[in-house]
Amino acid sequence: MNQPAPTAAFAPWEDAKAKPLISFQNVTKKFGDFTAIDNISIDIYEREFFALLGPSGCGKTTLMRMLGGFETPTMGKILIDGQDMANVPPNKRAVNMMFQSYALFPHLSVWDNIAFGLRRDKLPKDQIEARVEEMVKLVRLDKFARRKPHQISGGQRQRVALARSLAKAPKLLLLDEPLGALDKKLRQDTQFELMDIQEKTGTTFVIVTHDQEEAMTVASRIAVMDEGLLIQVDTPARIYETPNSVYVADFIGDVNLIEGNASPRGDGKTILHWAEGQPPLVAECPHAPDVEARCTFAIRPEKVTISKEKPTDRTNAIQGKIEDIAYLGNLSTYSVLLANGTRVKAQTANNRRLSRRELTWEDDVWLSWTETAGIVLDK
Amino acid sequence: MRRLTWFNTTSLTLGFAFLYLPMVILIIYSFNESRLVTVWAGFSTKWYGELLQNQAFLDAALVTLKVGVASSTIATVLGTMAAYVLVRGGRFFGRTLFSGMIYAPLVMPEVITGLSLLLLFISIGLDRGMITIVLAHATFSMCYVSVVVSSRLVSFDKSLEEAALDLGCSAFEAFRLVTLPIIAPAVISGWLLALTLSLDDLVIASFVAGPSSTTLPIKIFSSVRLGVSPEINALSTILILIVAVGTISASLVTKRAVKRRQMEEKMAGD
Amino acid sequence: MNFRRFSLISVPYLWLFILFLVPFGIVFKISLSDYAISIPPYTPTLDLTEGWAGFKAFLSALDFENYVFLTEDDLYWKAYLSSLKIAVFATALTLLVSFPIAYGMANAPDEWRPTLMMLVILPFWTSFLIRVYAWMGILSQEGFLNQFLMGIGIISDPLIILNTNWAVYIGIIYTYCPFMILPIYATLEKLDPSLNEAAVDLGCSRTSSFWLVTLPLAKPGVIAGCFLVFIPALGEFVIPSLLGGSRTLMIGKVLYEEFFANRDWPVASAVAVVLLLILIIPIVMYQRNQQKMMEAEQ
C-alpha cells in the first residue's frame, strides 16, 4: 500500500491546534429515568477511524445515533464541523450511517439502493450513474448490481450497505456493528477491506462495536464505554498496554489481576505487597498513590515468562504449580496456582515441536516478568 | 412424535367434510331441474338463466359492488393511516381512546353498530342510501385494515425508515418510497378483507340502507326468510366459486413467490 | 407537533370519533328518552333555539324508565338469559368439534399444513349468509339430512331440527369453528414435539401425555378461541333468524324486531346498552388472555 505517511504519524488528537470534526460537549441523554449517556465530552478529528467499544447497553449505539440525528441529547451540545447539530434532522446532515441490520431496501436492486441517496439530492442522471458505477466497483459488486438484496450473500449485502452510505460522500460515516452479522473468517477479511476503503475515500469513520479485537484492528482511537460513562479514550496500543482502570484492562484481551497494598518506592516505581511471606512486586503506576493504598496489579499473560529454574535477571519472580495447560496451536496457556490460591496465566509461543517442550501438569515452576511489564491500577 | 394417528386422520376427514359438505350440497342442488329444492329431478342450468333475468338481483349486485369498492378503498386509506399512527405515532393526546376505537368495532355486535349509525344518520338528517352504507362499512372495516397493516408494521425493521431519512428523504418521502412498497402486500390484503366484509354484510346494511339502495345480502336475506329457493342456490354457487377461485389462485401465487424467493436465497448463499 | 403529523393523526381519529363514538352517545341518550308517536319516534328532542333553558328542560326529561321496563317485562331478561345460554352451549360444542381438527392439523406432515390452513380459512372468505343458508336446505324436514338418515334406515320419521335451538347450535358451530380452530392450532403447532417424547420417556402413556402435557399447554389458545366464538355468538342475529324458530330467543333478534317491527327506539337503544355492558366482561377477559399469551412468548 502506498501511504503518504506512516500511520503512527497520524495523531491530530495530540496537536493542540487541530480542529475537531466532531465535538461532544457535556452530552447527557436520558430515556425516562434511565441515563443512557452520562455527561460525555469527546473530540473526533477528520480522517479518524474512531471506535466506540463496550458491552451491550453501555450507550455506544445511543451516542452514535445522536450523530446521525436519530436521537437528540437531553443536555449538552454536539458540534459537527463547528456547527451545532441541535435542530438539524437526519436528512439534512452530511452524515451517513451503515445500519447493523444493513437496512437494505428489499424492493430495490443493489444499483437502486446505492443510487437512493443520490436521487434524493436531485443530481443529474449521468452524475448519479457515474457515482453508482464508481461505488459498485469500489466494493467489487459490479456483477451483482441488478440483483435484489435477497439474491446476494450476507457478505455482499454488507458491502452494498457500505457503498450506499458512502455514495453521497459524507463527511462522516457511522457504522453500527458493521460486521456483526458475518462469520469470523469473513469478518477478519472485511476488517482490512474497511480500513482500505476508509483510507481511499478519506472519510471519517465512527464505528460501534462490542468486539474488542475488531476495534483494535481497525481503529485509530478507541473509546471504551460502560454504563453511559466514558472510561478511556486512546490509541489501541495504549489502551492495551496502559489501561487506566481494571475495567479497561479486563475488557480488552486477557489479563491477570493481583490485588495488594501499593506504596511508592521513590524512583517512580511502585511496590505492591500482595501476599504474606512473598516478595513484593515492583511495577509502574501511572497514577502513583502517595500513601499506601489498595490497588490491583494487572499483567498480560504473554508478558509472563514461565520457567523451571528461578530466573536471575528479573525483579519479579514468584513460584507456583501448573494446574492446567491449554494448547491453542500457535500458543499454549499455562494456568499456575500460587501459594495463596491466586491463579496466574502465562502464555508462550509454541515455536518448538511438542516433544521438545518440557513443562507439564503438577510441575513446580517460576513465573517472572520485568518491572515495566505490568501496571498497578488504582481504579 | 409428531405423526398422524388414526384418530387425527378421522377427525381431519370428518372435520373437513363438515366444513365443506354443506357447500357441496348447495352447489349440487343449484343444478337441480325441480323447483322443489330437495328432490333431485335431473341436471339443469335453468336457475342460472332465471337468475340472470332477474333485474332486482342484478341491481342489488351492482349496488353491493359499488359500495364494496368505495368503502374498502376509503377503509384502506384510513386504516393504513390509523395503523401507522398506532405503531409509529408515539404519544399524543387521547392515544388510549384512539386504540380503543380501533379495536372496539372488531368485537361489537353488528346490531349495535347498525343501530347506532342509523340513529346518527337520522339525527344529522343524512338521507339513507348508498352513501350511508359506504360510511358505515368504511368505519368498521378500517379497523380490520388497521389490524392487518399494523401487525405488518410491528415486524417492519425500523432502521429501513431511518436509512431512508439518513439518505436524505423527508418523513413523507420515506413512507412513500420505502415503507409503503414494503408493506404493500399487507395493505392489499387489508383492502381485500375490507371488500369481503362489505360484500358480506347484512345486518349493518339493513339498518342504514334506504329503500333505493338494497344490497345483495339484504335481497338474499329477504328471499331466503321465506325458505330455500333454487335461484338463491344458483347465486350462492356463483359467489362460492368466485371466492374459491380467488383464494386458491392467490395462495398458489404466494406459494410460488415464496418458493422462488427461497431458491434465490439459497443460491445467493454465503 | 407539525402539520403533517397532526393531520395524519386527526383524520382517522375524527372519522372514528364521529362515526363510532358519537353514535354510541346518541344510542345512550335515546335509551333515556320516552317513546312517542312522532318523527323521530321519541321525546324529548334537543331544541337548540331555546338555548340553555331548553337544554335544561331536555336533560330533566331524560330518565332510566326504559331500563326499569327491561327488568319488568320478562321478554327481555329471558332473551338475555337465553342468549347467554345458547352462546355458552354453542361455544362448548364448537370447542368439542374444533379441537380434534386443530390437533389433527398440528400433527399433519409439514407439507400438508399450508393447504389445511387454507381449507380452514377459505369458508371465512365466503359469505356468512350463504353458509347459514346452506343449512336451511339440509336441516329442513324433507331436507338432505333427513333423506339421508331415512335412506339408510336409522330413523323412520323425519327429525325436526330446523327452527329449533339445535339448528342454531349447528349454525354457530359451522360458521364460527374457524375462529376456534386457528388459535388452538397456533398454540399446538408451536409445541415442541420433544415435550411429549420427554413425557413418554418419563413413564406416561401417550394418552396421559396428551392430558398432562399437550392440553395444559394449549390452554391459552383454547381460551382465546372460546372468546372469539362466544363474543359474536352472543349478539348473533342472522343465525337465529334463519335457522331458529319463533321460540328461539336471542337478544340480537329481539333488538332488531324492537327497532323495525315495534319502532320503539328508546327500548331498542336500552337493549343495546345493556348488551354492551354484558359484553364488556368477556371482552376484557379476552384481552387479558391475549396479553398473557404475548408476555409468555417474549
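1. Helix 4 of chain B first: its buried residues are covered by, among others, helix 3 (55–88) and helix 6 (130–154) of chain B, along with helix 1 (3–31) of chain C. Contact here means heavy atoms within 4.5 Å. Helices (H or I, at least four residues) and strands (E, at least two) are DSSP runs, numbered from the N terminus.

2. Before you go further: this is a predicted model, with local features needing pLDDT of at least 70, side-chain atom pairs counting only at pLDDT 80 or more, and totals for chains, interfaces and linings using all residues. Residues are numbered from 1 along each chain as its sequence is written, chains are lettered from A and ligands numbered from 1 in the order in which they are written, and side-chain values use heavy atoms, without hydrogens and water.

3. Back to helix 4 (residues 95–107) of chain B: the buried ones are B:F98, B:S99, B:M101, B:I102 and B:P105. Buried means under 20% relative accessible area, exposed over 50%, and partly exposed in between (1.4 Å probe, protein chains only). An α-helix has 3.6 residues a turn, so residues three or four places apart point the same way.

4. Chain B has eleven helices and zero strands. Its radius of gyration is 23 Å, well over the 18 Å from the globule rule for 270 residues, so chain B is more spread out than a compact globule. That radius is taken over C-alpha atoms, and the rule is 2.2 Å times the number of residues to the power 0.38. The C-alpha trace of chain B spans about 70 × 60 × 35 Å along its principal axes.

5. Even so, 51% of the 270 residues in chain B are buried. Of the chain B contacts between residues at least 6 apart in sequence, 68% join residues at least 24 apart.

6. On the annotation side, an unreviewed UniProt entry puts "domain: ABC transmembrane type-1" at residues 61–250 of chain B; such annotations may be inferred rather than shown by experiment. That span is 82% helix and 0% strand, with its end C-alpha atoms 23 Å apart.

7. For chain C, the UniProt "transmembrane region" listing (unreviewed entry) includes residues 115–136 and 167–188. Residues 115–136 of chain C are 91% helix and 0% strand, with end C-alpha atoms 29 Å apart. Residues 167–188 of chain C come out at 100% helix and 0% strand, ends 30 Å apart by C-alpha.

8. Chains A and C have no contact, their closest C-alpha atoms being 14 Å apart.
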